[in-house]
Amino acid sequence: MGMDDDLITERRSVACPQVFGYLRHVTGGPARHSALVDCLIEYCRLHELTLCGVFTDREATVAVRSPAFAGLLDALELPDTYGAVVPALSHLGPKRVVSERQRQITATNTRLIMIRPIRPTTERAPRFGVSPGLQRQGDT
């Protein structure tokens with residue numbers, strides 16, 4: 001089916017909302033980076049978003065306006081850009097820069113989409129309903 005292949009590269013006016021990914025990839029090798037990018041691609045596919053590019057910071061020390069983050073902000077200023085996608089809020093950096101970066105993304109009038117919500121409801125739940133710490137409290 002040659003027809004469908006042409007549509008992939010063709011710029012359509014009714015395309016899915018366009019987003020740009022942002023990653024902080026300080027530790028781990030190329031396989032880890034690929035897995036993070038795949039995570040963004042799959043999320044966008046499921047939610048009918050068009051992932052136009054991914055900006056990656058590799059520096060351990062984070063300036064608010066790192067080259068990759070500055071690139072992301074420039075991309076968010078493009079017409080028809082819907083927002084930025086990150087695997088988790090932690091990818092925006094350490095706490096001291098996260099709120100400033102969130103503010104700068106908001107200032108572009110685009111959305112910040114987090115694949116993993118801030119408080120996962122299913123993860124880290126005690127397995128048997130009561131944690132050992134709670135059982136021992138009355139024994140002192």
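Guide: When two helices cross, the crossing is left-handed if the near helix is turned anticlockwise from the far one by less than a right angle, and right-handed if clockwise. Also keep in mind that this is a predicted model.

Visitor: Good to know. Which helices should I look at for that, and what is the handedness of their crossing?
Guide: Look at H3 and H4, whose crossing is right-handed. Helix H3 covers residues 67–76 and helix H4 covers residues 95–107.

Visitor: At what angle do H3 and H4 pack, and how far apart are their axes?
Guide: The angle is about 25 degrees, and the axes lie 9 Å apart. Angles under 35 degrees count as roughly parallel, so H3 and H4 are roughly parallel to each other.

Visitor: Which residues meet where H3 and H4 touch?
Guide: From H3 you have Phe69, Leu72, Leu73 and Leu76, and they meet Arg101, Gln104 and Ile105 of H4. By type, the residues of this contact are 5 nonpolar, 1 polar and 1 charged.

Visitor: Let's stay on H3. How many of its residues are buried?
Guide: H3 is mostly covered, with 8 of its 10 residues buried. Among them are Ala68, Ala70, Gly71 and Ala75. Phe69, Leu72, Leu73 and Leu76, which meet H4, are buried too.

Visitor: Why does Gly71 count as buried?
Guide: Buried means under 20% relative accessible area, and Gly71 counts as buried because its relative accessibility is 18%.

Visitor: Okay, zooming out. How many helices and strands does the chain have?
Guide: There are 5 helices and 4 strands. Starting at the N terminus, the order is α-β-α-β-α-β-α-β-α.

Visitor: What share of the chain is buried?
Guide: Of the 140 residues in the chain, 33% are buried. The chain exposes about 9800 Å², and carbon and sulfur atoms supply 54% of that area.

Visitor: One last thing: what share of the contacts join residues at least 24 apart?
Guide: If you take contacts between residues at least 6 apart in sequence, 75% join residues at least 24 apart.

Methods: Residues numbered from 1 in each chain as written. Predicted model: local features only at pLDDT ≥ 70, side-chain atom pairs only at ≥ 80, totals over all residues. Heavy atoms only, no water. Axes fitted to C-alpha atoms, helices over the stretch in contact; angles between N-to-C directions. Helix = DSSP H or I, 4+ residues; strand = E, 2+ residues; numbered from the N terminus. Parallel < 35°, antiparallel > 145°, perpendicular 65-115°, else oblique. Contact = heavy atoms within 4.5 Å. Nonpolar A, V, L, I, M, F, W, Y, C, P; charged D, E, K, R; others polar. Buried < 20%, exposed > 50% of the residue type's maximum accessible area, 1.4 Å probe, protein only. Areas by Shrake-Rupley, 256 points an atom, 1.4 Å probe, with all protein chains shown as cover.
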